[in-house]
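User: I'd like to go through this structure with you, one question at a time. Can we start with the aromatics and work outward?

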Amino acid sequence: MGLQYADIDDAVLLTLQNLIKKGAFLDLQTDLQDHVAVREMWKGKQKRFDGGYPWDFQAQIDHNYSARAVAMYETDGTAMTDTMIEGSVTPRHVNAHYIYDQREPAFQRGGKAIVDLIQTRYVAMMVSLYEYLEAVLWGKPVDDTDTLTPFGIAYWVVKNATEGFTGGNPSGFTSGRAGINSTTYTRWKNWSASYAEISKTDLVRKMRRAARKTRFRSVVSHAEPSLGAMANGIYTNDTVLGIMEELLEDQNMNLGNDLDSKGGRVQFKSSPVIYAPYLDNDTENPVYMLDWKWLAIGVMPGWENNMTKPYMVPNKHLVRRVDLDATLQMICTNLRRQAVLYNPA
């Protein structure tokens, strides 16, 4: 038995609240085998910021150079050195939606037909959101005139061919990341290096060096603007990971009968090397070595995944729209714990 128009929106809302998993359909909505940024960052590395925005953090970029050898009865020398800087990011807003017409056949069939229809529309909306976030979270806005697109990994972790803490201001952002200019404050940089081949004497050796050089420990114990628990993540594309698997096989004398004995088992310093399909788009074959203690997706409480009730589309009195809104921004409070290696050839 079909529903009256007045009852359709309530049925849709009930379906959204319960998302009853009836019916099945083949999902061919995306070309990505896995949405690693969404799974690792959006779903797994969120940091709630209470109290509105912008979100600020403090960094001490130098000591005061007051220590010196002194003589007895020597006159004291006193100088004030300002060693503090402030980083600040403003969250960005993302929207996705779906629509339906109350006259659609499923609403006249009722029951399971309504559930199946709304589930497919909901899933299509969520995949659209995740496809957008996957691209955003690996990338960066074109330049600082883009005040809508959230920051991503390419904004915070910048490539530079010279090995060392050389990852400075992203292209298009002359004032620097989080408003801190890396040209002025030279310690506000990530580690970077280029490599020519995926081998133990080139890429792997530089990964080892990056891991050593980014392992900073404060000599004085104090509170720090960390964003999560200790967790490292290493991400790369199919080209790099495939050769790494072969390197791993070469060092193992007993492979057994499995032609792909090391598939999915590559690790570096006990951390798994994760295949990120979106990085197949990057012809420079990057390897991102990220420290999630200092890197996270900031969200505004109550706006991580805000779903509206169905409402009328203007000038279409029988068409309803459901919106999903999220307020988020990627934030990094310690660039010197992040590294990227790449092949610019």
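User: Okay, is Trp292 buried or exposed, and what's its relative accessible area?
Analyst: Keep in mind that this is a predicted model. Anything under 20% relative accessible area counts as buried. Trp292 falls in that class, so it is buried, at 3%.

User: Which way do the rings of Tyr235 and Trp292 meet: stacked, tilted or edge-to-face?
Analyst: The ring centres are 6.2 Å apart and the planes sit at 75°. Planes over 60 degrees apart go in the edge-to-face class. So the pair of Tyr235 and Trp292 is edge-to-face.

User: How far apart in sequence are the parts that this pair of Tyr235 and Trp292 ties together?
Analyst: Tyr235 lies in strand S7 (residues 232-236). Trp292 is in the loop between S10 and strand S11 (295-299). The pair therefore ties together parts separated in sequence by 57 residues.

User: How many aromatic pairs does the structure hold, and at what angle are the planes of Tyr155 and Trp156?
Analyst: The structure holds 11 aromatic pairs. One of them joins Tyr155 and Trp156, whose ring centres are 5.0 Å apart, and it is edge-to-face. Tyr155 is buried at 2%, and Trp156 is buried at 0%. The angle between the planes of Tyr155 and Trp156 is 90°.

User: Are H6 and H7 roughly parallel or roughly perpendicular?
Analyst: Helix H6 (residues 200-213) and helix H7 (residues 238-250) pack with their axes 12 Å apart, at an angle of about 105°. The range for the perpendicular class is 65 to 115 degrees. H6 and H7 are therefore roughly perpendicular.

User: How many of the residues in the contact of H6 with H7 are charged?
Analyst: From H6, the contact uses Lys200, Leu203, Val204 and Met207. These meet Val240, Met244 and Leu247 in H7. The tally is 6 nonpolar, no polar and, for charged, 1.

User: Asn285 and Asn315 both have a positive phi; which of them is exposed?
Analyst: Most residues other than glycine have a negative phi. Asn285, with phi of about 45°, is in the loop between strand S9 (271-275) and S10, and it is buried at 15%. The other residue has phi near 70° and belongs to the loop between strand S13 (311-313) and strand S14 (316-332). With a relative accessible area of 82%, the exposed residue is Asn315.

Definitions and conventions
Residues are numbered from 1 along each chain as its sequence is written. This is a predicted model: local features need pLDDT of at least 70, side-chain atom pairs count only at pLDDT 80 or more; totals for chains, interfaces and linings use all residues. Side-chain values use heavy atoms; hydrogens and water are left out. Axes are lines fitted to C-alpha atoms, for helices over the stretch in contact, and angles run from 0 to 180 degrees between N-to-C directions. Helices (H or I, at least four residues) and strands (E, at least two) are DSSP runs, numbered from the N terminus. Angles under 35 degrees count as roughly parallel, over 145 as roughly antiparallel, 65 to 115 as roughly perpendicular and the rest as oblique. Contact means heavy atoms within 4.5 Å. Ala, Val, Leu, Ile, Met, Phe, Trp, Tyr, Cys and Pro count as nonpolar, Asp, Glu, Lys and Arg as charged, and the others, Gly among them, as polar. Rings of Phe, Tyr and Trp (its six-membered ring) pair if their centres lie within 6.5 Å; planes under 30 degrees apart count as stacked, over 60 as edge-to-face and the rest as tilted. Buried means under 20% relative accessible area, exposed over 50%, partly exposed in between (1.4 Å probe, protein chains only).
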